[in-house]
Amino acid sequence: MSNSIRDFTNADDVLIIGGGLAGLFCALKLAPRPVTVISAAPLGQGASSAWAQGGIAAALAEGDSVEAHAADTIAAGAGLVDEDVALALTCEAPERIEDLLRYGVPFDRDLEGKLALGREAAHSARRIVHVRGDMAGQAIVAALTDAVRNTPSIRLVEGFVAERLLTDNNAVTGVQLRRLDDIASTVVTIAARAVVLATGGIGHLYAVTTNPQEASGLGLAIAARAGVVIADPEFVQFHPTAIMVGRDPAPLATEALRGEGATLINGRGERFMLARHSAGELAPRDIVARGVFAEIAAGRGAFLDARAALGARFAEKFPTVYASCIAGGLDPATQPIPIAPAAHYHMGGIAVDARGRSSIDGLWAAGEVASTGAHGANRLASNSLLEAAVYAARIAADISGHSLPSPAGVLGDQGLARDCAMPADATVALRKLMSSHVGVIRDGEALADAVRSFAAIERDTGNIALRNMATTALLVAASAFSRRESRGAHFRSDYPAEKQAFAHRTMTTLSEAQDIADRLSESARQAAQPLMA
Ligand SMILES: Cc1cc2nc3c(=O)[nH]c(=O)nc-3n(C[C@H](O)[C@H](O)[C@H](O)COP(=O)(O)OP(=O)(O)OC[C@H]3O[C@@H](n4cnc5c(N)ncnc54)[C@H](O)[C@@H]3O)c2cc1C
């Protein structure tokens, strides 16, 4: 681990920000080209990739096909998936699994030695490669971390957070970083002509989430603040079965449990999903999340019941979930698990093309921070690790064939010492507002309130970390406000039906979100005037 500004002095031309699957895979694919990987958390920590339980989707089974995998992806996305993007993604899945095997990921195999394939919700075939049941993410990140540490061309800088993207004339010129463990740290600004953002998702902007703290939408915010086009920010997937044992983030009970026959029941022991969808517990995630939400809102509570399906086999089949339950004081082999929907995955992100390029020169994005068009309004389970690997590989290929002007080197320590401590109360309030006003069930009035609040924070706070959180929150809320329909993971109680007029992806910018906030503030002011007169 190297943490000094001196480590930046021979700046490489390629800077990768993020040490999850997308960032590490891209760095490995670029080898032997020198790259620097910057990660807020030490590798293996603070990355959703390491927490993935299900695995990676790939059409590898006899009788399955890449077309069927693409068709399931398109169906899940509720009319907004780019069909060419989905098919290209599913076609590249087998090659990326081969890459991961080469990097040392020990995917589970069946008795014949073939890759063992699990089944997950809304997949028409068994096609999820996994590791030791529910430990895919941990095993993937461990293998890639080893590979990265053994690759001399990759320089790792852990413990630094990127808080600003520098641009000139619609091209990236550098990145401003800050040391995480030093709240009064000075700003480090380094030059770069090629930046790959691989900073993950936004789940931690919500009070109830399965995502690590590092998934607070900072990568999305720094791109948006640099004027980059953002796609589909309103589409946030809520995982229906976060385990409610008083932990933040909430541990996850993987969908694969329902694939194995676990059922969803309320406090009266009734299977409430049967009345809501023909696929019952294996219905698309958004429908299950709303079902769980409705039972909790009605005061009946919601539970995942694996007693009959797994019983004593629970610990062996799902060790991670089992350990989370035991740590929370319940035994899932003999007791139903209390659950709630939690912010889990962001379909929106930096708009990128098939090569992973954003709207400004020299900026690529991969993994959850990007929006490729593959997920539409709702992601199919286990397609996100796949997308991270596929786009990381494509970006590496694109950069390899790209001649870059040499970077200007270290722009230097600007000597700006300032207090970067995150105001805890403000963060808690922001996260609560996201959950209550921009959550599983939304409406125009609550969204308008949220837009105005986030815009005020974004405009007024002097704390750059809080401002970046508010920037992403504002983009999500403003686009959710503008989409006056329900589609996929975006549900509006005031517009509960899908509308043809909205059958398109959102392409937006921070200044458009700020304009929406200004208009809403103006109409609130006008509405208040007669009362004040
Ligand atoms: C509990 C859980 C289970 C999941 N299960 C599955 C599954 O089974 N299958 C599947 O396909 N998907 C799953 N997902 C989703 C999937 O894990 C993520 O979408 C994917 O791992 C994202 O990878 P990434 O590389 O883009 O981001 P991450 O793995 O989140 O990595 C982001 C990296 O960026 C760093 N970072 C963040 N901000 C900054 C900054 N400003 N400066 C510097 N560094 C920064 C972080 O420290 C981290 O290293 C799951 C997610 C969760 C939370």
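1. The ligand is surrounded by 38 residues, a residue being counted when one of its heavy atoms lies within 4 Å; the closest are Ser-49, Gly-54, Ala-162, Glu-368 and Ser-384. This is a predicted model, in which local features need pLDDT of at least 70 and side-chain atom pairs count only at pLDDT 80 or more, while totals for chains, interfaces and linings use all residues. Residues are numbered from 1 along each chain as its sequence is written, and side-chain values use heavy atoms, with hydrogens and water left out.

2. Among the polar contacts (pairs of N or O atoms within 3.5 Å), a polar side-chain atom of Glu-368 lies 2.6 Å from a ligand oxygen, and a polar backbone atom of Leu-385 is 2.8 Å from an oxygen atom of the ligand. The protein buries 98% of the 1000 Å² that the ligand exposes when taken alone, by the Shrake-Rupley method with a 1.4 Å probe.

3. Two or more residues of the shell come from each of α1 (21-30), β7 (160-168), β15 (337-346) and α10 (384-400), and β7 gives the largest share, three residues. Helices here are DSSP runs of H or I with at least four residues, and strands are runs of E with at least two, numbered from the N terminus.

4. Elsewhere in my notes is an open, antiparallel sheet of three strands in the order β3-β5-β4, where pairing requires at least two DSSP bridges. Since β3 (56-57) and β4 (117-118) each have a single partner strand, they stand at the edges, and one side of each is left without a neighbour in the sheet. Ala-57 has Ile-128 as its bridge partner in β5.

Terms used: A polar contact is a pair of N or O atoms within 3.5 Å; within protein, one must be able to donate a hydrogen and the other to accept it, and residues adjacent in sequence count only if both atoms are side-chain atoms.
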